[in-house]
Amino acid sequence: MNEITFREAFKAAIVEALNNDPRVFLMGEDVGNYGGCYAVSKGLIDDFGAQRIIDTPLSESGFVGAGIGAAIAGMRPIVEVMTVNFSLLALDQIINNAATLRHMSGGQVSVPLVIRMACGAGKQLAAQHSHSFEGLYAHIPGLKVLYPGTIGDARYMLEMALADPDPVIIFEHVMLYNQQASLPEKHTVAPMEKAVIRKTGTDLSIITWGGCLFKALDAAEQLLNSGINAEVVDLRCLRPLDRETILDSVQRTHKALIIDESWKTAGMSAEISATIAEQGLWYLDAPIRRVCSKEVPIPYATHLEQASLPQVAEIIAVAQQMVAESQIAMGDK
């Protein structure tokens, strides 16, 4: 298996799509001559030309709207929004148009649009460019929301998204772009709407996605040193949410720890917690716990930024506390 970076995986997926389907094109701010804010599309304008790698004006509402129109007309646009906070300028297009047109047309109109967004904290981009807004988009019926956290998903999820008749948003965590791993065979990658168990375990379920996946896996490996065998569930897709895999895992381990880089209040972790409480309460032998970002705008200073984010040490500490409290409670019984 070949070692590649996430950046290379995302780029290879775009190149494959462009080569395989003349309806596919990439558009967004600086995707062409500059090569993309995170260099994912670097050099593509030389290979495919300005008709298919399209530099847009600084108008998210304008070029997302153009992507929606192109999708309705039969094209397969890939729209890159430079950072997730800029997508707020296109909320009307995404929520009131892309997500609703199938419903409002009685099924006559499809919007096979893919929107890629860089997101997440860790690069000192401070309060304006460090958001984790996947929970916001996962709230919207009519959208599908993907968040690849492995090289295989970064490489192969785009093809699945382009084949879908509905609008799909793909989140790309900025701290993953330079990470390197072996590229698996395509047939080993699960369908995009399916959660995957990245590590099996018996003592608790650590449920996460995207940029927090490797923190969860690191914590799970270290927890083995203290005799705790944690299972790691990679959600991969936040809408539709694979509730069955979540509940199956919690039924085996009887404890649920959710890791979410977004804020705790009214976030994605709250939806997962509610799902477990509503449908899996009797599986639990400990309260559901969450490790999320602190309830502050993401700071600029490195030490404050890192202090505001979920970290491996905190995941380990909370997991150990959950297991210890569970053992005490079971002993009392």
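Axes here are lines fitted to C-alpha atoms, for helices over the stretch in contact, and angles run from 0 to 180 degrees between N-to-C directions. Helices (H or I, at least four residues) and strands (E, at least two) are DSSP runs, numbered from the N terminus. This is a predicted model, where local features need pLDDT of at least 70, side-chain atom pairs count only at pLDDT 80 or more, and totals for chains, interfaces and linings use all residues. Residues are numbered from 1 along each chain as its sequence is written, and side-chain values use heavy atoms, with hydrogens and water left out.

**View A. Helix α9 packs on helix α10.** Residues 243-253 form α9 and residues 268-280 form α10; the pair packs at about 65°, with axes 10 Å apart. On the α9 side, look for R243, I246, L247 and V250, which are in contact (heavy atoms within 4.5 Å) with α10 through E271, I272, T275, I276, Q279 and G280. Sorted by class, that makes five nonpolar, three polar and two charged residues. Ala, Val, Leu, Ile, Met, Phe, Trp, Tyr, Cys and Pro count as nonpolar, Asp, Glu, Lys and Arg as charged, and the others, Gly among them, as polar.

**View B. Helix α1 packs on helix α7.** Here α1 (residues 6-20) and α7 (residues 151-163) have axes 8 Å apart and an angle of about 25°. The two are therefore roughly parallel (angles under 35 degrees). Again the crossing is right-handed, with α1 passing α7. From α1 come F6, A9, F10, A12, A13, I14, E16 and A17, and they meet I151, A154, R155, L158, E159 and L162 of α7. The class tally is eleven nonpolar, no polar and three charged residues.

**View C. E231 sits in strand β11.** The strand covers residues 230-234. E231 is buried (under 20% relative accessible area), at 2%. Its side chain joins that of R252 in a polar contact of 2.5 Å; such a contact is a pair of N or O atoms within 3.5 Å, and within protein one must be able to donate a hydrogen and the other to accept it, while residues adjacent in sequence count only if both atoms are side-chain atoms. Beyond four places in sequence, the contacts of E231 include I197, K199, T200, L204, S249 and T253.

**View D. Q306 lies in helix α11.** This helix spans residues 302-308. A polar contact of 2.8 Å links the side chains of Q306 and Q311.

How values were computed
Angles under 35 degrees count as roughly parallel, over 145 as roughly antiparallel, 65 to 115 as roughly perpendicular and the rest as oblique. A crossing is left-handed if the near helix is turned anticlockwise from the far one by less than a right angle, and right-handed if clockwise. Buried means under 20% relative accessible area, exposed over 50%, partly exposed in between (1.4 Å probe, protein chains only).
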